[in-house]
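Student: Hi! I have a model open and would like to talk through it. Could you take a look with me?
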Amino acid sequence: MARKDILGLYDLEAGEIEALLSDGLQYKALLKRGERQWSELCGKSVVTLFYENSTRTRCSFELAAVRLGAHVVNLSMATSSVQKGETLVDTGKTLDAMKCDVMVIRHPTGGAPRLLAGTVKAHVINAGDGMNEHPSQALLDMLTMKEHLGRIAGLKVAILGDIRHSRVARSNLYGLKKLGARVSMFAPRTLMPDGLDRMGAEICTSREACVEGADVVMGLRIQLERQKAGYFPSLGEYAKYYGIDENVMQYAKPGALILHPGPVNRGIELTAGLIDGPQSHIEDQVLSGVAVRMAMLKMLCQEERI
Amino acid sequence: MIFRGADVVFRDGVRQCDLRTENGKIAEIAPAGTLEGEGWDLAGRTVFPGLIDMHVHLREPGFEKKETIETGTMSAVKGGFTQICCMPNTKPVVDNKVVVTYIKARAKEVGHCKVHPIGAITEGQRGETLAAIGGMKAAGAVALSEDGKSVRNASLMASAMLYAADFGLKCLCHCEDASLTEGKVVHEGYYSTRTGLKGSIRAAEDILIARELCLAESLGLPVHICHVSTYSGVQLIREAKARGVQVTAETCPHYFTLTDEAIQDFDPDTKVNPPLREERDRLAVEQGLKDGTLDCIASDHAPHHEDDKNVEYDLAAFGISGLETSFALSYTELVKKTGLLTLPALAAKMSANPAKIVGLAGGEIAVGAPADLTVVDLGEKWTVNPAKFVSKGKNTPFKGMEVYGRVKMTVVDGEIKYRED
């Protein structure tokens with residue numbers, strides 16, 4: 001059965017993830033060769049509905065839709081009906097009545113895209129909901145891995161940082177496990193939530209153990225307000241005891257990929273040397289993002305074209 | 001009027017009897033088939049002493065969109081309840097005799113069962129100064145509660161317990177350390193991690209349970225703990241009871257029927273405070289009911305309008321509309337499925353014990369007692385369908401669940417206030 005929405009990698013089958021990655025890889029190769037225009041979404045309209053600020057994810061989705069030939073409308077919810085008190089359900093119904101084909105939603109509350117998807121006839125893509133999921137980010141991470149390492153199955157991926165508040169970590173865990181990778185995690189105990197082992201993660205008690213033998217090392221962004229909320233004493237201390245530096249990277253496989261969902265705090269999650277060094281694919285992840293979002297849009301819209 | 005041939009649940013067992021009521025009281029209890037006269041043939045039905053729910057939100061005054069005294073009491077009698085106590089977090093808050101008087105008058109006018117207001121502990125539930133406790137008692141308040149939150153200041157809480165005792169009132173304590181629950185919407189555990197919803201830990205509830213137990217013990221006064229949901233909270237109460245602290249406690253059907261597994265699809269109807277917890281908590285709540293640590297079952301009926309629930313999980317209101325499912329869920333889980341409670345024990349949890357805790361007449365079937373009766377078909381299986389609730393609140397995580405035990409008739413002071421069509 002055709003999928004109506006992409007709400008998270010928890011719900012996707014391994015085969016669907018494989019298909020998205022393989023489509024994404026093709027788009028990425030073509031983008032690199034200079035192609036800019038496709039017609040898969042010709043005549044469709046895509047609305048980006050962002051209840052939370054974002055520059056790169058929104059821009060990436062909009063470019064992906066434009067490249068596929070769709071019309072794109074963006075709604076900055078911070079400056080629209082929300083301030084007039086309109087609910088998410090009512091906004092969704094309104095956009096549905098305007099015959100919008102795809103809604104791309106970013107929202108500070110986990111589960112909001114599901115609520116929208118249950119309300120509207122349009123396809124819904126989750127562009128990040130609270131601390132729940134960020135499927136397109138995990139797919140672009142996996143795309144980068146697949147492109148450079150040739151596979152996902154059997155890889156060891158180390159994820160370090162603010163796991164508790166990270167939708168990126170959750171989506172990566174679900175997707176990577178489905179495709180047969182190992183996922184190790186490390187965070188200050190204050191930022192490591194319960195139950196990740198039950199979801200298949202290997203919970204580590206040191207940076208070194210987490211990174212040991214890893215093919216991929218992923219740093220997560222630390223929000224500055226976490227310090228004020230009492231999760232750790234200072235950014236300096238965070239960098240010293242929990243950051244990823246050259247010494248920690250010694251434990252990874254030689255040439256291991258360094259990834260980060262961005263924007264990165266230089267010298268905190270990762271040292272500047274690593275960010276700008278040869279192992280870093282942080283910049284290359286951005287193009288992977290456009291490619292994989294094209295694959296997501298195509299997946300939802302393709303069968304309607306027949 | 002005669003109620004003939006039902007299996008009647010007495011304190012010490014179940015016997016088939018005829019009951020005669022007169023002037024609102026139970027006038028005679030006789031062997032089945034011996035009483036003549038106008039009445040009801042109830043062979044095959046079970047009669048419980050009129051059920052009592054000591055923890056209900058009627059929402060009136062101020063939130064009539066969610067529920068009114070009329071619809072709430074209609075929901076109560078449909079659920080088999082003959083007496084309910086209503087919480088003071090209305091608008092205005094029940095913190096003076098005027099609001100108490102209003103609720104009592106309104107209940108007399110449009111209510112379907114007996115309604116007993118609970119007053120706030122502090123003025124406006126702001127936690128700063130004591131509410132008009134003496135005046136509320138004189139107007140008919142039966143207990144005090146800050147339900148929805150705890151009184152933050154321990155010294156003020158101690159004062160409240162002492163002053164309330166002068167008026168023969170008990171504090172019913174909602175236990176929640178606000179510093180641990182701010183922004184939290186579910187229980188912290190596997191499912192909060194899975195959904196990314198913000199969870200609070202058991203200590204948020206336990207710390208305040210412990211504080212209220214310490215206050216009660218230090219002051220030598222009774223205290224009642226509302227809606228216990230944690231295994232560790234059950235244990236704190238069990239230990240306090242063992243050393244003689246005058247504590248009573250309640251739990252709700254959702255804490256022994258559901259776990260936090262129910263939140264995984266982000267259904268806002270599963271959002272309740274305290275939150276649904278884990279299997280070990282659910283089992284401990286059941287054991288607490290069985291061994292008497294938990295004295296009674298209350299629904300914490302918290303009706304909401306669809307607009308308050310059909311929103312993002314974080315924004316949704318806390319609470320479950322519970323009056324119409326409380327009995328069936330309790331009977332199904334505690335008697336039928338697990339055999340943890342006998343029928344007389346279930347009647348104690350849902351009638352005699354709450355009556356005793358807040359000092360109400362009723363709670364058992366005996367000559368001279370109020371003719372409050374709940375007639376049930378224990379064998380009838382039915383499916384929870386919120387569209388059929390008479391409560392305005394259709395918010396229930398039990399929608400679609402199959403349960404046993406259907407209320408057929410509810411008698412309040414000898415008058416039939418509800419009968420299934």
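Tutor: Happy to! Let's start with a side-chain pair in chain A: Glu18(A) and Lys146(A) form a salt bridge, at 3.4 Å from N to O. Keep in mind that this is a predicted model.

Student: How many salt bridges are there between domain 1 and domain 2 of chain A?
Tutor: The count between those two domains is four salt bridges. There are also eight residue pairs in polar contact across that interface, both residues being at pLDDT 80 or more.

Student: Where do the domains of chain A run?
Tutor: The domain assignment puts domain 1 at 14-132 + 286-305, and domain 2 at 135-282. Their centres, taken over C-alpha atoms, are 26 Å apart. Domain 1 of chain A brings 27 residues to the contact and domain 2 brings 23 residues.

Student: And what area is buried between the two domains of chain A?
Tutor: About 2,100 Å², with carbon and sulfur atoms giving 63% of it.

Student: Switching to the chains now. How much do chain B and chain A bury between them?
Tutor: They bury about 1,700 Å², 54% of it on carbon and sulfur atoms. In chain B, the residues that lose the most area to chain A are Tyr190(B), Thr193(B) and Glu312(B), together 36% of what that side buries. The contact involves 19 residues from chain B and 22 residues from chain A.

Student: What about salt bridges between chain B and chain A?
Tutor: There are two. In one of them, Glu188(B) pairs with Arg164(A), and the closest N and O atoms are 3.0 Å apart. The chain B side that touches chain A is made up of six nonpolar, seven polar and six charged residues.

Student: Which residues is Thr181(B) in contact with, leaving aside neighbours within four places in sequence?
Tutor: Thr181(B) contacts Glu176(B), Ser200(B) and Ala204(B).

How values were computed: Residues numbered from 1 in each chain as written. Chains lettered and ligands numbered in written order. Predicted model: local features only at pLDDT ≥ 70, side-chain atom pairs only at ≥ 80, totals over all residues. Heavy atoms only, no water. Contact = heavy atoms within 4.5 Å. Buried area = accessible area lost by both parts, 1.4 Å probe. Nonpolar A, V, L, I, M, F, W, Y, C, P; charged D, E, K, R; others polar. Domains from an automatic or database assignment. Polar contact = N/O pair within 3.5 Å; in protein donor to acceptor, adjacent residues only side chain to side chain.
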